[in-house]
Amino acid sequence: MMGCWSPKDVLPSSRGREDGLVDPTELLPTLPGPRGRTVTSGSHNESSSPRLMPLLLIKMINKSRGKILGVLALFLVMVWYSIYREDSFYFPVQENKTTCPLGEVERKAAQLIGNYTRDHPLFLQLKDYFWVKTPSLYELPYGTKGSEDILLRLLSITHYSLPESIQRLKCRRCAVVGNGHRLRNSSMGETINTYDVVIRLNNAPVHGYEQDVGSKTTMRLFYPESAHFNPRTENNPDTLLVLVPFKPMDFQWMEAILNDKKRVSMVGNWVQPSSQPTLGVLPLLLGHISVLLQVRKGFWKQPPLIWDANPEQVRILNPYYMEVTAAKLLNLSMKQPRKVKQKPTTGLLAITLALHFCDLVHIAGFGYPDSANKKQTIHYYEQITLKSMAASEHNVSHEAVAIKRMLELGLIRNLTYF
Ligand SMILES: CC(=O)N[C@H]1[C@H]([C@H](O)[C@H](O)CO)O[C@](OP(=O)(O)OC[C@H]2O[C@@H](n3ccc(N)nc3=O)[C@H](O)[C@@H]2O)(C(=O)O)C[C@@H]1O
Ligand SMILES: CO[C@@H]1[C@H](O)[C@@H](O)[C@H](O[C@H]2[C@H](O)[C@@H](NC(C)=O)[C@H](OCc3ccccc3)O[C@@H]2CO)O[C@@H]1CO
């Protein structure tokens with residue numbers, strides 16, 4: 001969709017191939033054959049004997065000189081443009097690990113985001129709900145108005161701190177990994193693992209895709225409907241599992257999961273989904289399921305009822321970042337009429353979060369296929385197309401413009417192409 005150039009722009013147009021790619025033999029000069037036949041220099045005949053090779057090569061270069069020079073000139077202009085603009089539109093970024101562009105993200109983000117500030121906590125904190133000094137202006141997903149009571153309960157069983165290992169970093173180099181198909185066969189895994197903070201989204205797997213997407217996950221943003229059923233296999237033991245709340249039911253789901261987990265673990269008998277429950281734990285398990293069945297209604301997709309994650313890893317994202325993404329990056333109204341529903345994707349939200357927390361923000365796996373491209377799969381891990389997003393309430397072309405603006409500003413850089 002957002003590709004800035006394609007091989008078609010610089011190579012001769014394809015005549016015979018239906019897939020629109022250039023036939024390699026078209027690039028070979030034509031030569032008179034032994035009996036007046038015209039053959040390409042790639043064909044196997046006497047004229048390709050070793051003695052004639054230098055002659056052929058010179059002839060080839062002579063004939064294609066214009067094209068070669070054209071391609072070379074275009075390539076040089078692109079290299080120059082990329083270096084000049086300090087962005088990675090055309091080429092993957094090569095970052096010097098020893099330098100830290102301290103203050104650069106803040107300076108550039110302030111150009112794009114009105115009233116930009118790093119003063120807001122990343123995660124919701126219990127102390128802000130004991131005595132609400134400044135009530136939130138908006139309801140979920142842009143604020144916590146009306147959710148104060150459930151938050152009092154939920155925040156008393158979750159944590160809000162940033163792990164010490166992140167706090168002590170002198171430079172927070174962050175990679176935000178989108179779920180896009182462009183990561184497939186990208187071999188970006190090793191590079192992604194070098195970042196201090198790797199942010200992943202929803203139920204995107206790493207297991208089996210390490211070479212392309214890496215295996216490090218510092219934070220994973222998700223909502224109940226996008227929670228992976230087996231969080232332990234796709235995260236690290238210290239990954240922060242960051243709930244993005246969209247509706248009050250999301251808090252209730254998290255509370256039920258965590259409370260029940262606490263109750264079950266108190267008996268020291270947490271039942272793995274795959275293991276056989278012992279008889280002693282059955283009443284507890286039934287209680288667990290009935291609590292969760294009560295919160296089951298009200299979701300647009302079945303969330304996990306058993307979720308085997310360590311409660312110490314769980315955080316609740318401050319809806320402030322959703323507000324900034326919607327209002328400042330997408331210019332959405334905070335008070336949308338009920339019919340016109342549009343909200344930011346989790347990926348754009350994650351980029352916004354990174355802009356408020358990191359010293360360097362690189363993205364990978366962002367970019368949807370063109371809307372006319374009905375067959376292209378959208379994810380690196382499953383075979384679904386844009387059609388599956390028909391009821392998604394996102395405007396991905398609008399978001400692409402916002403991301404492109406950030407790339408142009410040099411505020412973020414791209415590890416894959418966009
Ligand atoms: C059917 C549906 O509702 N799909 C939504 C899915 C779905 O709910 C989850 O995957 C859970 O199954 O979630 C979303 O997004 P999804 O989980 O697909 O992808 C996460 C983020 O990666 C970026 N992305 C993804 C694919 C692609 N080709 N290009 C991209 O740039 C986007 O920024 C995206 O946000 C979501 O939460 O935003 C948005 C999707 O619209
Ligand atoms: C970041 O948004 C997430 C995902 O990308 C969206 O596609 C998804 O949109 C759903 C929307 O949140 C649902 N609205 C409510 C109020 O729950 C909407 O509900 C309609 C519906 C209801 C019952 C059964 C099916 C559909 O469904 C949208 C998806 O089709 O929101 C995600 C965050 O929750």
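Two strands count as paired when DSSP finds at least two bridges between them. Helices (H or I, at least four residues) and strands (E, at least two residues) are themselves DSSP runs, numbered from the N terminus. The model shown is predicted, so local features need pLDDT of at least 70 and side-chain atom pairs count only at pLDDT 80 or more, whereas totals for chains, interfaces and linings use all residues. Residues are numbered from 1 along each chain as its sequence is written, chains are lettered from A and ligands numbered from 1 in the order in which they are written, and side-chain values use heavy atoms, with hydrogens and water left out.

**View 1. The protein chain holds 14 helices and nine strands.**
Of the 418 residues in the chain, 44% are buried; here, buried means under 20% relative accessible area, exposed means over 50%, and partly exposed lies in between (1.4 Å probe, protein chains only). The accessible surface is about 22,700 Å², and carbon and sulfur atoms contribute 56% of that area. These areas come from the Shrake-Rupley method with a 1.4 Å probe, and for residues only the protein chains shown count as cover.

**View 2. Seven strands form an open sheet with parallel pairing.**
The strand order is E7-E6-E5-E4-E3-E8-E9. Strand E7 (314-316) and strand E9 (413-414) stand at the edges with a single partner strand each, so one side of each has no neighbour in the sheet.

**View 3. Strand E4 pairs with E5 and is joined to E3.**
Three bridges link E3 to E4 in the parallel sense, and Cys 174 stands opposite Val 197 in E4. E4 and strand E5 (residues 219-222) are likewise parallel, over three bridges. Across that pairing, Ile 199 faces Met 219 in E5, while Arg 200 has Arg 220 of E5 as its bridge partner.

**View 4. Arg 173 and Asp 196 form a salt bridge.**
Side chains of opposite charge can pair when their charged atoms come close. A salt bridge is taken as a side-chain nitrogen of Lys or Arg within 4 Å of a carboxyl oxygen of Asp or Glu, and the structure holds nine. In the pair formed by Arg 173 and Asp 196, the closest N and O atoms are 3.8 Å apart. Arg 173 belongs to strand E3 (residues 173-177), and Asp 196 to the loop between helix H7 (189-193) and strand E4 (197-201), so the pair ties together parts that are 23 residues apart in sequence. Arg 173 is buried, at 10% relative accessible area.

**View 5. Glu 104 and Lys 108 form a salt bridge within helix H3.**
The closest N and O atoms of the two side chains are 3.4 Å apart. Glu 104 is partly exposed, at 23% relative accessibility, whereas Lys 108 is buried, at 10%.

**View 6. Asp 250 pairs with Lys 247 in a salt bridge.**
Their closest N and O atoms are 2.9 Å apart. Salt bridges with shared partners join Glu 225, Lys 247 and Asp 250 into one network. Asp 250 is buried, with 0% relative accessibility.

**View 7. Helix H5 (residues 148-155) has buried residues along one face.**
The buried residues are Ile 150, Leu 151, Leu 154 and Leu 155. Viewed down the helix axis, they fall within an arc of 120°, so they line one face of H5; the arc is that of the directions from the helix axis to the C-beta atoms.

**View 8. Thr 325 lies in helix H12 (residues 320-329).**
This threonine is buried, with a relative accessible area of 0%. Neighbours within four places in sequence set aside, Thr 325 is in contact with Leu 330, Pro 344, Leu 348, Leu 349 and Thr 352.

**View 9. Leu 69, Leu 72, Phe 75 and Leu 76 make a nonpolar surface patch.**
The patch covers about 410 Å². Patches are made of residues with over 30% relative accessible area and no salt bridge, joining like charges within 9 Å and nonpolar side chains (Val, Leu, Ile, Met, Phe, Trp, Tyr) within 5 Å. Leu 76 is located in helix H2 (residues 53-85) and counts as exposed, at 53% relative accessibility.

How values were computed. Contact means heavy atoms within 4.5 Å.
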